[in-house]
Amino acid sequence: MSIFSYLLPKKQTSASVAKERLQIIVARERSTRGGPDYLPQLQQELLMVVRKYVPVGEDAVNVQVDRDSGCEILELNITLPEEEAQQQY
Amino acid sequence: MTKIVVVTSGKGGVGKTTTSAALATGLALRGFKTTVIDFDVGLRNLDLIMGCERRVVYDLVNVISGDANIKQALIKDKKVDNLFILPASQTRDKDALTTEGVEGVLNALRDDMKMDYIICDSPAGIEKGALMAAYFADEAVVVTNPEVSSVRDSDRIIGILASKTRHAEQGDGDIPARLLLTRYSPERVENGQMLSVEDVQEILAIELLGVIPESQAVLNASNAGSPVILDIDSDAGQAYSDAVARFLGDQLPHRFVNVNKKGLFGRLFGG
């Protein structure tokens with residue numbers, strides 16, 4: 001038994017769980033940082049519109065503002081589900 | 001030239017006031033004329049940590065509103081030369097701090113009082129007081145605990161520092177922001193129960209100014225109203241002294257980051 005537990009991967013420590021969670025949330029918050037205040041609401045409303053036609057998850061709509069040489073670009077990314085899921089709908 | 005430094009964190013209770021008191025005292029001990037300003041309007045506490053709570057007559061808002069001049073409001077520290085404290089007011093009026101008012105106070109400290117350093121002790125949060133403390137800063141010290149909510153809030157504050165300071169608005173780019181990791185416990189890091197210095201640095205991606213170990217000396221110091229940096233035999237006091245030296249450009253190895261007496265950094269980098 002002891003030899004098996006030796007071979008098994010080590011149990012994740014709480015600190016490494018914390019680090020992983022932080023890396024994800026910080027990356028997500030940074031992507032919307034500095035953007036206009038209406039972005040989160042725009043994202044929510046777009047999601048509602050898309051859902052009227054296609055069943056998509058919370059993360060399906062991604063809204064981002066990029067600045068490129070004095071020009072602001074609003075980038076919308078909508079990920080649609082697989083074909084089968086759509087047909088069921 | 002006068003340098004304005006904001007000590008900030010986003011989250012409350014991580015050690016901003018302790019750090020502001022230690023940093024200001026450390027700079028004054030090295031001969032720099034230094035004022036530390038409490039920006040936490042309504043929740044004044046720097047006076048207690050500095051041990052001058054019974055000598056407060058006028059405060060920051062009194063100077064802004066013209067009820068007192070800067071000379072009348074500054075409290076000269078009794079233990080350390082070159083050190084002055086400007087307390088926060090206990091008013092609950094949130095609009096008491098104005099951009100013009102704060103600028104006037106900082107100009108007076110620079111031009112009339114000839115300060116070398118002005119340390120702005122920011123309140124927690126991202127409201128007016130915190131924004132005012134950061135707005136005129138030339139440099140920032142971000143105080144963080146190795147704990148998820150503190151790290152996340154620090155990241156928020158670093159983002160705000162990058163856009164909401166006068167330097168940023170004038171297009172001078174970001175002000176330098178450095179990380180001070182406080183309440184660090186090497187034993188718990190080794191057992192995998194606490195984020196390590198490297199973890200926090202990797203996430204926040206800013207330069208490390210220092211690591212302050214979890215220490216009874218910090219509570220002792222605040223109990224006594226004497227900045228912990230004056231407790232030169234304590235680990236926290238020494239860690240703050242090192243941080244002040246690094247703040248002024250010295251290259252020192254980080255102590256108190258490993259369980260062994262000889263620091264991990266020392267062994268890795270041939271200390």
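Trainee: What should I know before reading any numbers?

Mentor: This is a predicted model, where local features need pLDDT of at least 70, side-chain atom pairs count only at pLDDT 80 or more, and totals for chains, interfaces and linings use all residues. Residues are numbered from 1 along each chain as its sequence is written, chains are lettered from A and ligands numbered from 1 in the order in which they are written, and side-chain values use heavy atoms, with hydrogens and water left out.

Trainee: Chain A, then. What is the order of its elements?

Mentor: From the N terminus, chain A runs α-α-α-β-β-α. That comes to four helices and two strands. Helices (H or I, at least four residues) and strands (E, at least two) are DSSP runs, numbered from the N terminus.

Trainee: How much of chain A is buried?

Mentor: Of its 89 residues, 16% are buried. Buried means under 20% relative accessible area, exposed over 50%, and partly exposed in between (1.4 Å probe, protein chains only).

Trainee: And the cores? Which residues touch the most other members in the largest one?

Mentor: F39(B), I70(B), L86(B), L109(B) and L161(B), in a nonpolar core of 52 residues. Helix α5 (residues 99–111) of chain B gives the most to this core, with five residues. A second, separate core has 36 residues, including V5(B) and I212(B). A nonpolar core is a set of buried Ala, Val, Leu, Ile, Met, Phe, Trp, Tyr and Cys residues joined through side-chain atoms within 4.5 Å.

Trainee: Switching topic: how many salt bridges are there over all chains?

Mentor: The search finds 14. A salt bridge is a side-chain nitrogen of Lys or Arg within 4 Å of a carboxyl oxygen of Asp or Glu.

Trainee: Which one crosses between chains?

Mentor: One pair that does is K19(A), in helix α2 (residues 14–32) of chain A, with E202(B), in helix α10 (residues 197–204) of chain B. Their closest N and O atoms are 2.9 Å apart.

Trainee: Is K19(A) buried or exposed?

Mentor: K19(A) counts as buried, because its relative accessibility is 17%. E202(B), at 48%, counts as partly exposed.

Trainee: What about R255(B) and D242(B)?

Mentor: Their side chains meet in a salt bridge, 2.8 Å from N to O. R255(B) lies in the loop between α12 (235–247) and α13 (264–268) of chain B and D242(B) in helix α12 of chain B, so the pair ties together parts 13 residues apart in sequence. D242(B) is buried at 11% relative accessibility, and R255(B) is partly exposed at 35%.
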